[in-house]
Amino acid sequence: MGSKHNDSYDFAGDYNLNGIILQAHDGTGGIFGEGGVDIMEQVQELNVYEGITQTAVYGTLVMVDSTNIIGNLPIQGTERLFFKLSTPGTSNVEHIIDASEQTGHPFYVYKVSNKQQAKQGTLVYTIHFASREFMRNIRTKVSQAYSGKLSDMVAQICGDKEGLDTRKQLYIEETRNQDKFVMPNVSPFKAIEMISKKALPKYGQGVGYYFYETTKGFYFQSWENMCANGTQTRDPIQTYYYQPRNITDPELEESGDPSDNKVLQDLRSVEDYKFINNFHDTAAAQALGTYGHRVISYNLYNKSFTPVDYNYHKEFNKTVHADYTDDAGLTGTAPQVRENPVDFDNNNVSDYAESMVSLSPTTQFLHDEASGGYGTDVADDGRFEGIRNSQRMQINAGTTIEMTVPGQTQIQPGQIIDFELRPVEQEGLTARGNKSYDPQYSGRYIITKVRHRVTKQDYKMVFECKKDSVRESIPGKRITDFAGTANNENTKFSKLNN
């Protein structure tokens, strides 16, 4: 398995893998060449999974075992796994999946499944492994009070020697709000989840953070921070194309060695893709409060309630979205649904605040402070809850695409890619505007899940990518009147004859 030339690609999907060492439960082995069992020859497929909704990295090894490693080691579910995976020419340590003992963070085996005898003398089974923090989260609990900035609390929980005790790099986006939390004997990941729901970014107007692990470390950040760094555009980690093989990427036609260009083009080429969600269910979105939402904030302290109405189109331009391009491009004209009226009352989908009505209890002086549930003015609670709910719904129900591409170890969840999808018209140009790309489904996407799939032949990645906006405003004129008077009359009643 692996490349013949460590410093250069032989083909797109080439990789370097220095071995896969399984350390016995008694702690023997672990250093390459000094004990342990190198099982790389028995591994038919190595999978590593990471995503922005996953608090830990996990993976599998599909084994074809003719030497009875499972019985002779033996494998009981407490072993450690060592390997170092990289793409050729990669020297930056941050671009390597490093699970070695010396320079990285080994994985921990926790299960063996699907064991069966394929033929006489050969066993087939799957070894499941995960990061050390996955196991620490199961084994430890958080029972402590925290106060201060929410981002500082997360750092404390991650570094707690009696708790999660991570030794990995932390990438934490600073929050603007402060509060007090009392963790009632919950797991570290559960404690961080409680904080994430109340986190407000220092440079953004969204509500709520994601806490997740990648092969490079732990991240605590907002969706807006994935899209842009303040008002500074985040460059895509890669631009991908889906086009016929005989069409060359125009950016590569004019430069370099043709053989190098072929590899670079293949690295940018999408082998296969499918839309998991490409047509937005506006009925479900309205019922779930994506567009309109009335939040009734009930103050338990003074027994008062305050209704607050969330309006998608009024709030859209205040937050950063996936198709953000610069400090003047907040995609205010590119929401996923236009503002046109949808019924005879000439309201748009955002004007129906009662599409979803929820009760959000809050209180003051819970910790001797007059602030509400977000550590800010209690009057903000209803507004923040409406924003938080809609933002998650926009992401979860937004355009979602799954694609298979050649593997590159520097790519991870939370990064931006550009996807250039050609229009379906035979001429290669859209009927409206003569554009060489699909204006609705092309554009910038956030990588939300990655599956690294390594076989003896090649290394591929399967992405799940999402966006909560469209590249260009959906075409069509802005109208204010739903229909003509012929269909806009009051309800007619007719008397039925007996």
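Me: How many bridges join E14 to E15?
Reply: This is a predicted model. E14 and E15 run antiparallel. Across the pair, Tyr-212 stands opposite Tyr-219 in E15. The number of bridges joining E14 to E15 is five.

Me: Which strands stand at the edges of the open sheet formed by three strands?
Reply: The order is E12-E15-E14, with mixed pairing. Two of these strands have a single partner strand each, so one side of each is left without a neighbour in the sheet. The edge strands are E12 (170-172) and E14.

Me: What does the twist average from one strand to the next?
Reply: The sheet is open and its order is E12-E15-E14. From one strand to the next, the twist averages 15 degrees.

Me: What angle does the direction of helix H3 make with that of E12?
Reply: H3 spans residues 150-159 and packs on the sheet. The helix touches E12, E14 and E15. Its direction and that of E12 make an angle of about 165 degrees.

Me: Which residues of helix H2 are buried?
Reply: H2 covers residues 132-139. Its buried residues are covered by elements including strands E9 (107-119) and E10 (122-130), helix H4 (188-196), and strands E14 (210-214) and E15 (217-221). The buried residues are Arg-132, Glu-133, Met-135, Arg-136 and Asn-137.

Me: With which side chain does the side chain of Asp-345 make a polar contact?
Reply: Asp-345 lies in the loop between helix H9 (312-315) and strand E22 (357-362). Its side chain also reaches the backbone nitrogen of Asn-347 at 3.2 Å. The side-chain partner, at 2.7 Å, is Tyr-352.

Me: Is Asp-345 buried, partly exposed or exposed?
Reply: Its relative accessible area is 41%. Buried requires under 20% and exposed over 50%. The value falls in between, so Asp-345 is partly exposed.

Me: How many disulfides does the structure hold?
Reply: Cys-227 is buried, at 0% relative accessibility. Cys-465 is buried too, also at 0%. The count of disulfides in the structure is zero.

Me: How many residues has the largest nonpolar core?
Reply: Nonpolar side chains tend to be buried together in soluble globular proteins. Residues with the most contacts inside this core include Ile-20, Leu-61, Phe-83 and Phe-463. Leu-61 touches residues including Ile-39, Leu-81, Tyr-125 and Phe-129. The size of the largest core is 46 residues.

Me: How many residues are in the second, separate core?
Reply: Ile-157 and Leu-164 belong to this core. Val-186 and Phe-218 are also among its members. The second core has 21 residues.

Definitions and conventions. Residues numbered from 1 in each chain as written. Predicted model: local features only at pLDDT ≥ 70, side-chain atom pairs only at ≥ 80, totals over all residues. Heavy atoms only, no water. Buried < 20%, exposed > 50% of the residue type's maximum accessible area, 1.4 Å probe, protein only. Helix = DSSP H or I, 4+ residues; strand = E, 2+ residues; numbered from the N terminus. Contact = heavy atoms within 4.5 Å. Pairing = 2+ DSSP bridges. Axes fitted to C-alpha atoms, helices over the stretch in contact; angles between N-to-C directions. Polar contact = N/O pair within 3.5 Å; in protein donor to acceptor, adjacent residues only side chain to side chain. Disulfide = S-S within 2.5 Å. Core = buried A, V, L, I, M, F, W, Y, C linked by side-chain atoms within 4.5 Å. Lists of a residue's contacts leave out its neighbours within four places in sequence.
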